[in-house]
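Dear colleague,

I am handing over the structure below, and after it you will find an account of what came out of the analysis. Please read the text with the structure open beside it.

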Amino acid sequence: MDKFDCIIVGAGPAGVAAAITLIRKGLTVAIFERGEYPGSKNVFGGVLYSTVLNKLTPEFWKDAPVERHITKRRYSILSKNSEMAVEFDFEDFNQPPFNNSFTILRAKFDRWFAQRAEDSGAVIFTETVVDDFIYDSGKVAGVRARREGGDVYADVVICAEGANSLLTEKAGLKKKPLFHQMITAVKEVVSLPREVIEDRFILSNDEGVALEFFGEAVKGMIGSGFIYTNKDSLSVGVGCPIDVMKENSMKPNDLLESFKSHPVVKKLLRGGKTEELSAKMIPELGYKSLPKLIADGLLIVGDAAGFVNPSLYREGTNMAMYSGIMAAETILEAKEKGDFSEKSLQGYVKRLKNSFVMKDLERYGDVPEKLSEMPQLFKEYPDAILKMVQGYFTISDLSKDEMHRQAWNGFKDEVSLWKFLWDMYKARKAIL
Ligand SMILES: Cc1cc2nc3c(=O)[nH]c(=O)nc-3n(C[C@H](O)[C@H](O)[C@H](O)COP(=O)(O)OP(=O)(O)OC[C@H]3O[C@@H](n4cnc5c(N)ncnc54)[C@H](O)[C@@H]3O)c2cc1C
């Protein structure tokens, strides 16, 4: 076909959700994906948040290659060789829709999701990089793909290219992100027998746990480490802003190795075999630095638009799919009017503004900035708290009162109490 109703660049969650929505309404759609197959190059933590997917494909978990549903969450602060953790276990999350939180492996999930689009009639060109948009009188009119006969035309293009958004930048909709606006993350998939995972993490059947680690997990820098349980593997990784890594002369792989060799983490990974290692960026642009989302004949969705919630929720997949669907609905409206100008595509921005996407980005968009003003949260405080608590639990010949006083005085020597309480208040306000 020479011309499609819509071309989508990228077969990630955002692009495929958009494609399915358009195809169901009878539009012709082509997706260009640079990977050998959708998902082949995609990396994430990760927990798929699926309220949006469950509306698009009800009870998708019966068919989709999901790993485990998350019933437990554990947040942990590490010092050099100690841990302080809080764990939540919710029996209610064992019931459909399983709190809309599933661990997945992108190579399997993205492939399955893209197949849904293909089965409905989308044409997917894999192993095809889009190098640029084609313009006609200033309006995006197609894409220039790196293959024979690579100029393909459409009424409108959705750019779902993910965090490394070269096309969005080239089109002048987004500035090159600054180092503090991008998280560099590395992740390993570590295989372990299913029974070992279930015994070690106290899980039944397909229950799963998401563990987040702070403090010494990332050498006291701003950022975190994670372990998520899959069926018979663990997703293990670390992520920190690029500028923080640079300031500390830290390489992502060295940081991951250091995380894995922490005594607490080492026990959890014992006996595991590394199956794959990958690295990727997470955009944390901040609400005020979001790109322009539309131009004549063009809409930007998902990570390319910076739609990732940087708080404890770390929700990127749900936002990606929602923005893809909102872009598609706007295109359906535009098609009726026969007008794909920027003005006609304004509905996309309006839809997002009224949704959890923009509300959450506005609420949490400046979390990284706020936390970067309080580096003591990640090193000084965890070390001091753990030392104090260790003092409370270290049995000696002292009376308990003396033990407690000693531990408490030690804490006050290292930390200004008022500053600590003020920082805690600010951190809670920023993150939760
Ligand atoms: C380490 C890590 C952990 C994360 N953890 C979580 C988590 O636990 N939960 C969560 O919800 N989110 C998480 N995220 C974020 C989440 O992965 C993203 O928000 C989500 O994948 C965005 O989807 P997308 O479709 O916009 O982009 P992507 O998933 O990045 O898809 C973009 C697609 O476009 C293709 N592409 C790019 N450029 C071109 C081109 N020029 N031509 C052709 N194809 C192209 C790519 O190959 C890719 O398939 C994490 C991200 C990372 C990196």
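E212 and R314 form a salt bridge in which the closest N and O atoms are 3.3 Å apart. The pair joins distant parts of the chain, since E212 sits in strand β12 (residues 207-215) whereas R314 sits in the loop between β17 and α9, 102 residues apart. The two partners can be set side by side by their accessibility: E212 is buried, with a relative accessible area of 2%, while R314, at 30%, counts as partly exposed. R314 also has a backbone feature to check, namely a positive phi of about 50° although it is not a glycine. Please keep in mind throughout that this is a predicted model.

Other salt bridges

By the rule applied here, the count of salt bridges comes to 30. One of them pairs D155 with K3, with the closest N and O atoms 2.8 Å apart, and it links strand β10 (residues 151-159), where D155 lies, to strand β1 (residues 3-9), where K3 lies, the two residues being 152 apart. D155 counts as buried because its relative accessibility is 17%, which is under the 20% cut-off, whereas K3 is partly exposed, with a relative accessible area of 45%.

The ligand and its surroundings

Which residues come nearest to the ligand? Of the 36 residues around the ligand, those that come nearest are E33, V47, R106, D303 and T317. For E33, an N or O atom of the side chain is 2.6 Å from an oxygen atom of the ligand, and for K280 the corresponding distance, again from a side-chain N or O atom to a ligand oxygen, is 2.9 Å. G316 takes part through its backbone, with an N or O atom that lies 2.9 Å from an oxygen atom of the ligand. The ligand has 1000 Å² of accessible area on its own, and the protein covers 96% of that area.

The elements that give two or more residues to the shell around the ligand are α1 (13-24), β3 (47-49), β15 (273-283) and α9, and of these β15 gives the most, with three residues. Sorted by class, the shell has 18 nonpolar, ten polar and eight charged residues.

Buried positions

In helix α10 (residues 346-353), the buried residues are G347, Y348, V349 and L352. The cover over these buried residues includes β16 (294-295), β17 (298-300), α9 (317-337) and α11 (356-364).

M245 lies in helix α6 (residues 242-247) and, at 5% relative accessibility, counts as buried. If its neighbours within four places in sequence are left aside, M245 is in contact with T184, M221, C240, M250, K251, P252 and L255. M245 and F179, which are 66 residues apart in sequence, are 9.6 Å apart in space, taken from C-alpha to C-alpha.

Backbone geometry

Before you set up any calculation, please look at the following backbone features. The peptide bond from G45 to G46 is cis, with omega near 0°, and G46 lies in the loop between β2 (29-32) and β3. A cis peptide bond also joins P96 and P97, with omega about 5°, and the place of P97 is in the loop between β5 (83-89) and β6 (101-104).

N205, a residue other than glycine, has a positive phi, near 50°. N205 is found in the loop between α5 (194-200) and β12 and counts as exposed because its relative accessibility is 60%, where exposed means over 50%.

With kind regards

Technical notes
Residues are numbered from 1 along each chain as its sequence is written. This is a predicted model: local features need pLDDT of at least 70, side-chain atom pairs count only at pLDDT 80 or more; totals for chains, interfaces and linings use all residues. Side-chain values use heavy atoms; hydrogens and water are left out. Buried means under 20% relative accessible area, exposed over 50%, partly exposed in between (1.4 Å probe, protein chains only). Helices (H or I, at least four residues) and strands (E, at least two) are DSSP runs, numbered from the N terminus. Contact means heavy atoms within 4.5 Å. A salt bridge is a side-chain nitrogen of Lys or Arg within 4 Å of a carboxyl oxygen of Asp or Glu. A residue is near a molecule or strand if one of its heavy atoms lies within 4 Å of it. A polar contact is a pair of N or O atoms within 3.5 Å; within protein, one must be able to donate a hydrogen and the other to accept it, and residues adjacent in sequence count only if both atoms are side-chain atoms. Accessible areas come from the Shrake-Rupley method with a 1.4 Å probe; for residues, only the protein chains shown count as cover. Ala, Val, Leu, Ile, Met, Phe, Trp, Tyr, Cys and Pro count as nonpolar, Asp, Glu, Lys and Arg as charged, and the others, Gly among them, as polar.
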